[in-house]
Amino acid sequence: MTTNTTATAMTATDTTATYTTAANTAETDKTAAAAHPRLDLAKSARNAFRALIGFDAVAREGIDPALVELIQIRASHLNHCAYCLHMHTNDARKAGESEDRLHMIPVWREARHFFTAREQAALALTEAVTLVADGGVPDAVYAEAATHFDDTELARVLALICTINTWNRIALATAKQAGTDGR
């Protein structure tokens, strides 16, 4: 009994310490943000920003718009990018995507019946490329995607995955806030 009581007390203490640390970190972040506001990449590096917009536009060519949004939403989930996640779930809704499918994207492997085999292959490839540092892009994942997309489509899907990962990193690095994209 004493062991359980001690473990419970330690867990409560650990939880309190975690919340206190998180609160202190959040307060420090607010202070730092006020002292050093983040730049607007579109204004500070116009040519780079325009180039990325162009790359993104070319990557999308010929890809079903619903698939574009699935890819962008999944990568944004994995990268914890609230700004892009908000934007792309709204874009998907406007394009007619169902709430059921939107809710199932993070758990698509357990809800395969919501997605076509082609969409599943794209989601798996999105995960592998987004999390490339965790083990590369497995041959089986790439081969499965290659069975659902011809070379041109696959190249565009890969380019799209790269662009959304870049957009996520820009949004996170510049502290873009979800819901402020002005669309």
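How are helix 7 and helix 9 oriented to each other, parallel or oblique? The views below come from a predicted model.

**View 1. Crossing of helix 7 and helix 9.** The axes of helix 7 (residues 117-130) and helix 9 (residues 151-173) come within 10 Å and cross at roughly 50°. Helix 7 and helix 9 are therefore oblique to each other. The crossing of helix 7 with helix 9 is right-handed.

**View 2. Residues in the contact of helix 7 with helix 9.** Helix 7 contributes Arg-118, Leu-125, Thr-126, Val-129 and Thr-130. These meet Glu-153, Leu-154, Val-157, Leu-158, Ile-161, Asn-165 and Arg-169 of helix 9. Six residues of this contact are nonpolar, three are polar and three are charged.

**View 3. Packing of helix 5 against helix 9.** The axes of helix 5 (82-94) and helix 9 lie 8 Å apart, at an angle of about 125°. That angle makes helix 5 oblique to helix 9. On the helix 5 side, Tyr-83, Cys-84 and His-88 meet Ile-164, Trp-167, Asn-168 and Ala-171 in helix 9. The contact of helix 5 with helix 9 has five nonpolar residues, two polar and no charged ones.

**View 4. The largest pocket.** The largest pocket holds about 430 Å³ of space. It is lined by 20 residues, of which Phe-49, Tyr-83, Met-87, Trp-167 and Lys-176 are the closest to its centre. By class, the lining has eleven nonpolar, three polar and six charged residues. Helix 2 (41-44), helix 3 (46-60), helix 5 and helix 9 each supply at least two residues of this lining. Tyr-83 and Trp-167 also belong to the contact of helix 5 with helix 9.

Technical notes: Residues numbered from 1 in each chain as written. Predicted model: local features only at pLDDT ≥ 70, side-chain atom pairs only at ≥ 80, totals over all residues. Heavy atoms only, no water. Axes fitted to C-alpha atoms, helices over the stretch in contact; angles between N-to-C directions. Helix = DSSP H or I, 4+ residues; strand = E, 2+ residues; numbered from the N terminus. Parallel < 35°, antiparallel > 145°, perpendicular 65-115°, else oblique. Left-handed = near helix turned anticlockwise from the far one by under 90°. Contact = heavy atoms within 4.5 Å. Nonpolar A, V, L, I, M, F, W, Y, C, P; charged D, E, K, R; others polar. 1 Å grid on protein atoms, 1.4 Å probe; cavity = no way out; pocket = protein on both sides within 12 Å on 5 of 7 lines; lining within 4 Å. Points joined across faces, edges and corners; volume = space filled by probe spheres on them.
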